[in-house]
Amino acid sequence: MNNNLEIAKLVLPQVRDAKPYAGVDPPEVLAERVGIAKEKIVKLNGNENLYGPSPKVAEALAEYGAYHIYPDPRQTKLRRVLAEYAGTQDERVVAGAGSDEIIDLILRLFVGLGDEVISFAPGFEMYSTFTDLIGGSMVSIPLDETFDVDFDKVRAVVDKGKTKVIFLTLPNNPTGNLFSEDTVRSLLDLGVMVVVDEAYYEFSKTTVMNLVPNYANLIILRTFSKWAGLAGLRLGYGVMDPYVAERMLVIKPPYNISIAAELAFYATIEDKEAQLLKVDKIVSERDSLFTALQRIAGLVPIPSHANFILCRIQNGNGLQVYEELAKRGVFVRHYNNQYLRDYIRVSVGLPEGNSILVQALKEIL
Ligand SMILES: Cc1ncc(COP(=O)(O)O)c(C=O)c1O
């Protein structure tokens with residue numbers, strides 16, 4: 001068989017029709033696209049920590065001498081140290097190659113062909129990408145005008161037989177706002193799996209981790225990509241009911257966490273205080289950036305509890321502003337969907353990059 005049409009028939013229908021997740025490109029790809037030196041690129045599109053990881057990470061990676069041995073498939077030490085960091089028990093924790101992998105594992109645990117998954121819009125699009133890939137059906141519920149959950153809308157679409165998982169992002173990406181614990185409890189009381197994605201927890205300091213012991217249907221997601229500066233090494237984790245964790249360990253690839261990611265994690269934990277000081281700097285820089293953005297006529301920044309700020313462009317569409325910024329080597333996020341056409345999302349970078357962004361926006365608007 002050597003023809004594409006023939007081979008395509010063998011691919012699962014939901015995969016044949018799948019659209020790729022629009023991920024963020026690295027600086028060298030962006031640099032080539034706009035013909036600007038890589039060093040000049042201001043990368044504010046991925047909510048990464050531009051202060052980088054703890055210097056202890058590189059030391060730990062350089063010192064280690066057994067990369068030829070596979071990692072522990074049961075993640076014994078990794079789960080213990082993660083549990084200590086998160087304030088929970090080892091048997092509730094599973095680590096993934098980024099929290100993205102845990103999202104995929106959750107869907108594979110609970111969602112079959114034709115089952116429904118609920119998420120909120122505007123929101124993080126990876127939930128629907130993975131749902132589509134396994135043949136599930138994503139039901140996207142619009143947030144209200146203050147970007148809060150309208151619970152009546154949730155009640156109206158939840159189908160106890162068909163709905164398997166609800167995703168809520170706390171604080172929400174890309175809007176940056178929080179949801180109340182009451183909202184989380186109301187979702188939990190629907191009796192389906194509820195995933196609260198706390199990818200930006202270290203910036204918001206807001207969590208519903210306290211609810212985990214009381215709700216077997218709650219899963220919390222966290223990551224080391226954002227606060228810890230380890231996006232390139234891939235480490236995230238889920239905290240959940242011990243039975244669910246055990247089943248997840250069964251379906252995950254045995255060696256999903258590289259030794260490099262694991263070592264980087266221990267080094268980060270040893271140097272936690274210093275790394276969290278960088279988080280404080282980003283939070284205070286976010287507040288200064290917010291004020292500077294507020295002063296730009298035609299731009300309305302939305303208050304944020306994370307390391308990014310969503311901004312509404314009053315006259316004109318977000319894509320134009322995105323493209324004008326890109327020409328100047330400044331890369332932010334623009335989403336081509338009905339909710340966010342008039343918006344851009346800017347990650348909080350280093351002070352110099354943030355100033356370049358503000359200057360460029362003043363020129364453009
Ligand atoms: C809300 C949310 N969840 C999960 C992720 C995935 O993070 P990672 O796979 O790097 O842990 C992101 C990254 O942008 C995110 O914004």
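Which residue has a polar side-chain atom 2.8 Å from an oxygen atom of the ligand? In this predicted model, in which local features need pLDDT of at least 70, side-chain atom pairs count only at pLDDT 80 or more, and totals for chains, interfaces and linings use all residues, the residue is R234. Residues are numbered from 1 along each chain as its sequence is written, and side-chain values use heavy atoms, with hydrogens and water left out.

The ligand is surrounded by 13 residues, a residue being near a molecule if one of its heavy atoms lies within 4 Å of it. The closest are S99, D197, Y200, T223 and S225. For S99, a backbone N or O atom lies 2.7 Å from a ligand oxygen atom. On its own the ligand has 400 Å² of accessible area, of which the protein covers 92%; areas come from the Shrake-Rupley method with a 1.4 Å probe.

S99 is found in helix α6 (residues 99-110). Helices (H or I, at least four residues) and strands (E, at least two) are DSSP runs, numbered from the N terminus. S99 counts as buried because its relative accessibility is 10%, the limit for buried being under 20% and that for exposed over 50%, with a 1.4 Å probe and protein chains only. Leaving aside neighbours within four places in sequence, S99 is in contact (heavy atoms within 4.5 Å) with R222, T223 and G236.

An open sheet of mixed pairing is formed by seven strands in the order β2-β8-β7-β6-β5-β3-β4, where two strands pair if DSSP finds at least two bridges between them. Strands β2 (93-96) and β4 (137-142) stand at the edges with a single partner strand each, so one side of each is left without a neighbour in the sheet. From one strand to the next the twist averages 25°. Strand β2 runs antiparallel to β8 (residues 236-239), to which four bridges join it, and V93 stands opposite V239 in β8.

Helix α5 (residues 76-86) lies across β2, β7 (218-223) and β8, at about 110° to β2. Axes are lines fitted to C-alpha atoms, for helices over the stretch in contact, and angles run from 0 to 180 degrees between N-to-C directions. Helix α7 (residues 126-133) lies across β3 (116-121), β4, β5 (163-169) and β6 (193-197), running at about 155° to β4.

Conventions. Polar contact = N/O pair within 3.5 Å; in protein donor to acceptor, adjacent residues only side chain to side chain.
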